[in-house]
Every structure is written in structure tokens, then in C-alpha cells.
Amino acid sequence: MLLDDRQSTGSLLEVQGLKKYYFMNGSFGKLGGVKGTVKAVNEVSLSLYQNETYGLVGESGCGKSTLGRTILKLIEPTEGKVIYNGEDILQLNRHELRPYRKELQMVFQDPYTSLNPRKRIGQILEEPLAIHTIGERKERTDMVMDILRKVGLQVDHYYRYPHELSGGQRQRIGIARALVVNPKVIILDEPVSALDVSIQSQIINLLEEIQAEFNLSYLFIAHDMSVVRHISDRIGVMYLGNLVEEGPNDLLFEEPLHPYTKALLSAVPVANPKLKRERIILNGEIPSPFNPPSGCTFHTRCPFAMDKCKTEIPVKVEVSSKHFVSCHLYESS
Ligand code: ADP
């Protein structure tokens, strides 16, 4: 299905003005007395359409994981809405949220830390089915065997323990655990970053296959632009808790708008020398989201910063069809 067709059917999940702030009251840590706010996620809005992959990129610490977890209410939001099935799921209590937990799943970078080392893979995969009261015991075993095959493992993996598996196999289990309850959306948080490059492509291929088979929507979080380019239909670029640019994959890569996106892309190696971009080196390190810079938070590193960038927060502008940027360079004055 083309991206435009998917978008015409309306979004499956809509994030509206989501914020996650950590308030430091000065009573903790070696720096006792330091007060301020960590703006890990700062008013992010995005839509996820059926059967699409939305890639979320940005340097480490820019708030990608926090955004993913806050969308699923694994972390309590500070403000904002997540509309799914016409309902703001952030307003629901644990009990009310339960049916949605099945439909909205998450896959983590290293599933090993969340796989109980004392349980066999079969038990681990049957657990979510039991929690959501799906099937009888025998049926659950059959379902798990079936899912193991779907993620490219064998039936005998059912009897193994997590430590007996390789990194790639463990990530297949992480995917199987999300998939077994038949979700509609999966948030994948750096799902291939801990794997060797050859294994990364196997897992990416698997994700693409199961997306087509199960009609899934992915929010794919990664810091690696090449991986995101390969898998995504649309891409959002985050900087210090803000979504600074969003657009269809080809537009974002071929005509990046935000100076930050341009700098990120200039660091990605390209095979075709004609397409080689001039490397843009940004000034300094990414600032901390603890009391972040005023105005446009990127102004401290931006080669094009103007006076108003220091004081005024840029508004989101649609520069071409579905290609958005938040930068004063693109605002009509
Ligand atoms: P990313 O996934 O892009 O690497 P994160 O979402 O993990 O970024 O973190 C965003 C920012 O929020 C980081 O600066 C991190 O230090 C901060 N942060 C995350 N969790 C907490 C917390 N519990 N308390 C204070 N700051 C936090």
C-alpha cells in the first residue's frame, strides 16, 4: 500500500503534545542543591498510520526511548495525549489499559535483561498469552510453537533457556514475545543496535516480513540513519526532546531541511560519490536536556543561528507535502 493511501485512511495512533519532564528539586545526588527540569520529551506530536514504519532518529540522549515508553504509559507522562481507537490511553487506569497493552507492544534493545533466566523460552512466550487469557493451555503451546517458526526459530527452542541463545536469537524471542498476542502496533527501541551488522540485516528482514504478514505499524527508534533509511516510510528527527523535522523517507534524505538533519545526514557514508555530501561538523556537544537552551534549543550549535533563534521557539511549518520542519529559516516572517 502506498504511503498516501495509508494516510488517507486516518491515523492508527496519534501522539499530541506529549511531554515528559523530570523535576529536580535539589535534594538528590552529589550535586545536591541543583534544581531544574530535565525536558526529556518536549511537546512531541506525531501520527502513526496503519502498516507503516515511522523511524525516529537522533543522537543518544535526545529523548527517543523516553518518548517510546511514555506513548505506552510505561513511563507516566507530564502532559499530552495518545489517541488510540478514539480514546486517550494516557487517561486510562491499569485495568482500563489492559486490552490496549495487548495491541500496543514494545521490543527492547536487549531483551536478555527482560527474559527471566530461570524460565524456558516456551514459558516466557506463554506468559503474555496467560496474562491476556488467550487460549487454553494446549492451544497456547501450539501458538508459541507457531510463533517460534514465524520468527525463524525451531520448535526445540521452546525448551531452551535464554542464556543458551545467541544475541540474534534472543532478539527473535523479544519479537516473538511482542507478536504472540497479535498486536497492531510495535514500538521497537533500538532493536538491532546491540547486534553484529550481519545479524542486524536478518532481524530487519524478519521485521519487514512479519509487518507484511500481520499488517503491523512500527515506531522504529534508532540512532543509526542507515538502518532507519532502510526500514522507514516516514522519519522524524529528534533533538533535545523536540521533533525538529518530519517527512517521507525519500524527501527527508534527498532534501533535508533542518540544519541538524543536514548535519546528521552528512555523517552517513554513501556508496555513490556523486551523492556525497559535504560533512557538516556541529559546534560542541549536544547540550543537556537539564535546563535546555532557550528559544530554538539547537541555536547553540547551529551554523545559521540568528538573534531570534535564541529567544523564540520555532513553529512547525509544512514546507512541501507532509514534510515538516521547526526552524526559523523556513518561517515566512
Ligand atoms: P535516547 O533514547 O534518545 O538516548 P533517553 O530517552 O534515554 O534518550 O533520555 C533522554 C534524556 O532524559 C537524557 O538526557 C536522560 O539522561 C534523561 N532521563 C531519562 N530518564 C531520566 C530520569 N529517570 N530522571 C532524569 N532524567 C532522565
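Student: Okay, where does histidine 132 lie?

Tutor: Keep in mind that this is a predicted model. Histidine 132 sits in the loop between helix H4 (121–131) and helix H5 (137–150).

Student: Is histidine 132 buried or exposed?

Tutor: The idea is to look at relative accessible area: buried means under 20%. Histidine 132 has a relative accessible area of 18%, so it is buried.

Student: Next, salt bridges. How many does the structure hold?

Tutor: It holds 14 salt bridges. To spot one, look for a side-chain nitrogen of Lys or Arg within 4 Å of a carboxyl oxygen of Asp or Glu. Take lysine 19 and glutamate 79: their closest N and O atoms are 3.7 Å apart. Lysine 19 belongs to strand S1 (residues 11–25) and glutamate 79 to strand S4 (residues 79–84), so this pair ties together parts that are 60 residues apart in sequence.

Student: Which of those two partners is buried, and which is partly exposed?

Tutor: Lysine 19 is buried, with a relative accessible area of 13%. Glutamate 79 counts as partly exposed, at 45% relative accessibility.

Student: What partner does arginine 69 have in a salt bridge?

Tutor: Its partner is aspartate 189, and the closest N and O atoms are 3.2 Å apart. Arginine 69 is in helix H2 (residues 64–71) and aspartate 189 is in strand S7 (residues 185–189), so the bridge ties together parts that are 120 residues apart in sequence. Check the accessibility too: aspartate 189 is buried at 4%, and arginine 69 is partly exposed at 28%.

Student: What should I know about phi angles?

Tutor: Here's the general idea: most residues other than glycine have a negative phi. Lysine 73 has a positive phi of about 60 degrees, although it is not a glycine. You'll find lysine 73 in the loop between H2 and S4, and it counts as buried at 16% relative accessibility. The side chain of lysine 73 also meets that of glutamate 76 in a salt bridge, at 3.8 Å from N to O.

Student: What is the phi of asparagine 51?

Tutor: It is near 65 degrees, again a positive value in a residue other than glycine. Asparagine 51 is in the loop between strand S2 (35–49) and strand S3 (53–57), and it counts as buried at 17% relative accessibility.

Student: Now two helices. At what angle do H6 and H7 pack?

Tutor: Helix H6 (residues 167–179) and helix H7 (residues 197–214) pack at about 15 degrees, and their axes are 10 Å apart. Angles under 35 degrees count as roughly parallel, and H6 and H7 are therefore roughly parallel to each other. The crossing of H6 past H7 is right-handed.

Student: Last one: which residues form a nonpolar patch on the surface?

Tutor: Phe304, Met306 and Leu329 do, with about 270 Å² of accessible area together. Phenylalanine 304 is in the loop between helix H10 (259–266) and strand S11 (316–320), and it counts as partly exposed at 47% relative accessibility.

Conventions
Residues numbered from 1 in each chain as written. Predicted model: local features only at pLDDT ≥ 70, side-chain atom pairs only at ≥ 80, totals over all residues. Heavy atoms only, no water. Patch = residues over 30% accessible without salt bridge, like charges linked within 9 Å, V, L, I, M, F, W, Y side chains within 5 Å. Areas by Shrake-Rupley, 256 points an atom, 1.4 Å probe, with all protein chains shown as cover. Helix = DSSP H or I, 4+ residues; strand = E, 2+ residues; numbered from the N terminus. Buried < 20%, exposed > 50% of the residue type's maximum accessible area, 1.4 Å probe, protein only. Axes fitted to C-alpha atoms, helices over the stretch in contact; angles between N-to-C directions. Parallel < 35°, antiparallel > 145°, perpendicular 65-115°, else oblique. Left-handed = near helix turned anticlockwise from the far one by under 90°.
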